[in-house]
Amino acid sequence: MRIILLGAPGAGKGTQAAYIREHFAIPQISTGDILRNAVKEGTELGIMAQKIMESGGLVSDDIIINLVQARIQEPDCANGFLFDGFPRTIPQADALKAAAVAIDYVVEIDVPDAEIIKRLSGRRVHPSSGRTYHIAFNPPKVADRDDITGEALILRDDDREETVRKRLEVYHQQTRPLVDYYLEWAASGTQHAPRYIKVAGTGNVETIRNDILTALK
């Protein structure tokens with residue numbers, strides 16, 4: 001089961017990825033983790049990537065693809081893998097395709113921008129404990145106060161509405177085109193084309209999980 005998971009920030013990919021990973025006993029692979037491990041282990045590609053990052057540059061898609069190819073050869077990928085946050089752009093998708101990395105399913109968790117803004121901008125955090133609340137879905141007993149300590153809750157910079165809107169803008173410019181890319185490839189019926197699954201990411205978390213797992217059978 002080789003899966004790419006797509007969706008905007010705040011769509012619930014992390015939650016659903018955990019369910020998919022557990023259900024199929026496959027690892028969740030992110031390029032950030034691969035890069036950090038390669039640098040830590042001092043591999044040839046890791047050393048190359050570290051030099052680029054230390055100079056303030058962006059690691060090339062060629063290096064990323066080579067790291068990905070090495071990672072999916074490891075024993076824990078025998079039953080497949082779940083790509084989380086990769087590919088992020090059309091050039092990365094093209095490079096993955098050119099490298100003949102087989103993908104069985106592309107799963108899109110579809111959530112309207114307005115819902116994502118509501119989800120993320122409504123979060124409030126108790127800094128010292130990490131306890132998280134939501135003004136609409138999981139409000140504290142007393143507004144803007146932690147239930148246990150009574151201390152003030154904060155709105156993180158990442159959760160401010162203007163920041164969320166900017167993140168969504170970047171997503172629509174760079175990553176949203178992957179939806180059309182994989183939809184067209186799936187519809188082409190060509191050999192090795194993945195199947196495309198679109199699931200509504202609003203509503204009950206367990207319902208979304210069941211919809212995804214049913215579609216992946």
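Predicted model: local features only at pLDDT ≥ 70, side-chain atom pairs only at ≥ 80, totals over all residues.

R119 is placed in helix 6, which covers residues 113-121.

**Surroundings of R119**
- A polar atom of the R119 side chain lies 2.9 Å from the backbone oxygen of G10.
- The backbone oxygen of A11 is also found by the side chain of R119, at 3.4 Å from a polar atom.
- With neighbours within four places in sequence left aside, R119 is in contact with G10, A11, G12, V111, H134, F137, G201 and T202.

- L35 belongs to helix 2, formed by residues 31-41.
- The relative accessible area of L35 is 14%, and L35 is therefore classed as buried.
- Not counting residues up to four places away in sequence, L35 touches A49, V59, I64 and L67.
- L35 and L216 are 181 residues apart along the chain, and their C-alpha atoms are separated by 29 Å.

**Aromatic rings and charges**
- The count of aromatic pairs comes to four.
- One of these pairs joins F81 and F83 in a tilted arrangement, with 4.7 Å from centre to centre and 45° between the planes.
- Both F81 and F83 are buried.
- F81 and F83 belong with F86 to one aromatic cluster.
- Over the ring of W185 sits the charged end of K97, at 4.2 Å from the ring centre.
- Over the ring of Y19 sits the charged end of R209, at 5.1 Å from the ring centre.

**Helix 8 and its two sides**
- Helix 8 consists of twelve residues, 177-188. From its first C-alpha to its last it reaches 17 Å, close to the 16 Å expected at 1.5 Å a residue.
- The buried residues of helix 8 are L178, V179, Y181, Y182 and W185.
- Viewed down the axis of helix 8, these buried residues fall within an arc of 165°, so they line one face of the helix.
- The exposed residues E184 and A187 are carried on the face of helix 8 that is turned away from the buried side.
- Just after helix 8, G189 takes a positive phi of about 70°.

**The chain as a whole**
- The protein chain contains nine helices and seven strands.
- Its C-alpha trace spans about 55 × 40 × 35 Å along the principal axes.
- Of the 217 residues in the protein chain, 39% are buried.
- Among contacts in the protein chain with a separation of 6 or more, 65% are accounted for by residues 24 or more positions apart.

How values were computed:
Residues numbered from 1 in each chain as written. Heavy atoms only, no water. Helix = DSSP H or I, 4+ residues; strand = E, 2+ residues; numbered from the N terminus. Polar contact = N/O pair within 3.5 Å; in protein donor to acceptor, adjacent residues only side chain to side chain. Contact = heavy atoms within 4.5 Å. Buried < 20%, exposed > 50% of the residue type's maximum accessible area, 1.4 Å probe, protein only. Phe/Tyr/Trp six-rings, centres within 6.5 Å; stacked < 30°, edge-to-face > 60°. Lys NZ or Arg CZ within 6 Å of the ring centre and 35° of its normal. Expected span 1.5 Å × (residues − 1). Arc of directions from axis to C-beta.
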